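Subject: Structure handover

Hello,

Please find the structure below, for your files. My notes on it come after.

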Number of protein chains: 2
Amino acid sequence: MDLGGTNLKGGIVSERGEFYDYVSAPSQVKKGPEVVMGIMLKMTRELIGKAKERGISITGIAVVSPGVIDSQFGGVTGGANNLPGWKGTPFMKIMHEKTGLPIFAHNDVTATLLGEVKFGAAVGKRNVIMATFGTGIGGGVVVDGKIYGGRTGYAGEFGHMVIHGGGYTCTCGAKGCWEEYASSRGIVRAAKSNIEGHAGGKGVLFGKIEKNNGEIDPKVIFDSARERDKLAMEIIQVIGMDTAIGVGSLINIFNPEMFVVGGGIASAGVTYLDAIEKNLPDWTLRDSLDGTEVVLSKLGYRAGIFGAAALVFEDINRLG
Amino acid sequence: MDLGGTNLKGGIVSERGEFYDYVSAPSQVKKGPEVVMGIMLKMTRELIGKAKERGISITGIAVVSPGVIDSQFGGVTGGANNLPGWKGTPFMKIMHEKTGLPIFAHNDVTATLLGEVKFGAAVGKRNVIMATFGTGIGGGVVVDGKIYGGRTGYAGEFGHMVIHGGGYTCTCGAKGCWEEYASSRGIVRAAKSNIEGHAGGKGVLFGKIEKNNGEIDPKVIFDSARERDKLAMEIIQVIGMDTAIGVGSLINIFNPEMFVVGGGIASAGVTYLDAIEKNLPDWTLRDSLDGTEVVLSKLGYRAGIFGAAALVFEDINRLG
């Protein structure tokens with residue numbers, strides 16, 4: 001299962017990467033941890049039932065969640081600020097007691113990267129970096145085939161790498177974090193600032209914004225750019241540059257075999273990847289960029305579930 | 001031996017970290033690789049002679065050098081742009097032929113970090129980041145006790161992490177690299193810009209600049225700050241901030257046990273470390289900063305030689 005701020009997603013994954021029985025439900029995180037726990041247990045029962053129907057034997061149950069997971073404690077011990085009260089809820093213990101099955105859990109972004117290495121874009125790679133672009137920017141590091149978590153599991157906070165020192169104030173308090181420029185809110189801000197001065201304008205982008213109830217979001221911009229709307233393409237050049245500044249810095253820092261671009265914004269696909277790749281040579285040492293594969297995540301909306309499955313089959317962060 | 005753009009330094013180091021017979025000679029890198037090779041062979045003979053006099057048996061000879069070292073080739077295969085012609089000189093092979101002893105070599109910054117882990121500030125640490133501040137900014141990464149080199153040995157190019165996107169143009173072509181703000185040239189630039197408008201001024205800093213033949217360098221600024229010169233202290237606040245932006249970003253990225261501050265500028269000691277530490281909370285996630293030790297390199301001017309010794313005793317990048 002993949003617990004997010006909006007939805008809880010689940011499915012059954014075999015060791016060979018076969019995927020069955022996708023399910024999804026609102027995670028209702030604002031109602032507090034007990035409600036979330038109830039939704040998770042309900043989905044667990046549902047998926048166990050589906051597995052039984054198919055005659056599939058269950059090796060283990062895994063959950064990926066924002067925050068730092070401590071499998072000794074059995075839940076989140078740090079981070080996960082957008083899931084009120086979730087920190088301190090020993091969901092792994094509760095699930096183990098209710099099911100008797102081994103429970104696995106890990107931070108969602110790092111597990112997703114593990115999923116890409118085992119089932120997705122990075123199969124066979126040993127040194128891989130992943131950044132997920134969405135509400136915020138998450139990051140994961142695989143060194144020598146294994147997740148690198150750092151001292152307390154906080155490694156990979158790429159969103160809080162400062163790329164415009166002294167710039168916009170981030171939710172973390174620092175000024176100029178990458179997240180302020182290349183997450184959804186950064187993209188929307190860049191779009192608004194480019195759209196200013198074109199008030200009452202016509203063209204594909206304005207049409208799509210109107211259809212979207214006046215809301216500007218990454219999808220509207222990328223869709224318009226795909227139809228070659230000039231203003232949307234200008235906005236994407238800004239986004240591509242600010243995204244490439246961070247990706248390039250990370251390639252200079254890690255010299256990875258592969259850099260995987262994931263998260264909600266990456267569903268814009270090739271238009272997004274092109275915007276990043278076009279700008280990368282301006283911000284990356286040639287010796288390090290040459291030969292580094294920059295690719296889109298392959299697992300899409302099921303990435304977290306595949307990541308959860310990777311935990312089970314690699315026996316990572318087990319309880320019970 | 002530690003080959004640098006200015007000097008070749010050498011010494012004898014025991015496995016327990018005892019240090020004997022420090023020697024140093026101008027490396028004369030501008031005269032080309034044959035001259036450098038001659039100086040290295042002369043120092044090798046000198047040190048072998050000193051070891052014999054002391055009755056010390058030699059386990060191996062090691063050289064640390066800028067650039068990416070390939071022990072198959074026996075020399076530098078990339079980088080080392082400030083050592084003309086050094087790339088492509090198989091110095092390891094030549095030294096092995098002349099001495100019959102096993103030869104070891106590695107990039108100077110990464111080896112220095114290994115030296116800090118084996119003999120210096122980071123003994124017993126498993127996940128350590130080091131940045132060296134001097135003419136440029138170098139970096140090294142130790143993961144799980146081992147050097148992390150990345151795909152082709154270029155990992156750790158921290159100087160080319162962009163902290164002021166769109167700012168000063170770096171030697172690499174990118175705009176706003178950390179190196180443009182926190183290396184010697186960045187520090188001198190910050191100093192000049194702060195000194196402007198104080199022309200003909202008096203005070204400790206101006207006195208020291210005059211004594212230094214009108215030259216502004218990091219030493220003059222830090223020495224003046226130690227004597228509580230107001231202008232020097234203002235300059236150090238700027239330097240401390242721009243240095244902390246990069247150190248903080250790297251702590252967010254790696255969540256290390258320890259961050260080691262090394263290189264020529266670090267010889268300014270506690271004044272320098274204080275300037276960084278004072279600014280760090282503004283640029284680092286609290287969860288990651290709490291518990292990360294930020295320390296000065298312990299090995300000083302002999303750091304590279306200790307790093308070379310670490311290669312021998314850990315059997316890294318051996319030829320012969």
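What follows is a short account of the chain as a whole and then of one residue in it.

The model is predicted. Chain A contains eleven helices and 13 strands. Its radius of gyration is 20 Å, close to the 20 Å that the globule rule gives for 320 residues, so chain A is as compact as a globular protein of that length. The C-alpha trace spans about 60 × 45 × 40 Å along its principal axes.

Of the 320 residues in chain A, 58% are buried. Among contacts with a separation of 6 or more, 62% are between residues 24 or more positions apart. The accessible surface of the chain is about 13,300 Å², and carbon and sulfur atoms account for 49% of that.

On charges, chain A carries 33 positive and 33 negative side chains. The centres of these two sets are 5 Å apart.

The residue I looked at is Ala308(A), which sits in helix H11, residues 303-314. Ala308(A) counts as buried because its relative accessibility is 2%, and the cut-off for buried is under 20%. Setting aside neighbours within four places in sequence, Ala308(A) has contacts with Met1(A), Ala62(A), Val63(A) and Val64(A).

Regards

Notes
Residues numbered from 1 in each chain as written. Chains lettered and ligands numbered in written order. Predicted model: local features only at pLDDT ≥ 70, side-chain atom pairs only at ≥ 80, totals over all residues. Heavy atoms only, no water. Helix = DSSP H or I, 4+ residues; strand = E, 2+ residues; numbered from the N terminus. Rg over C-alpha atoms; globule rule 2.2 N^0.38 Å. Buried < 20%, exposed > 50% of the residue type's maximum accessible area, 1.4 Å probe, protein only. Contact = heavy atoms within 4.5 Å. Areas by Shrake-Rupley, 256 points an atom, 1.4 Å probe, with all protein chains shown as cover. Lys, Arg positive; Asp, Glu negative; His and termini not counted. Charge placed at Lys NZ, Arg CZ, Asp CG, Glu CD.
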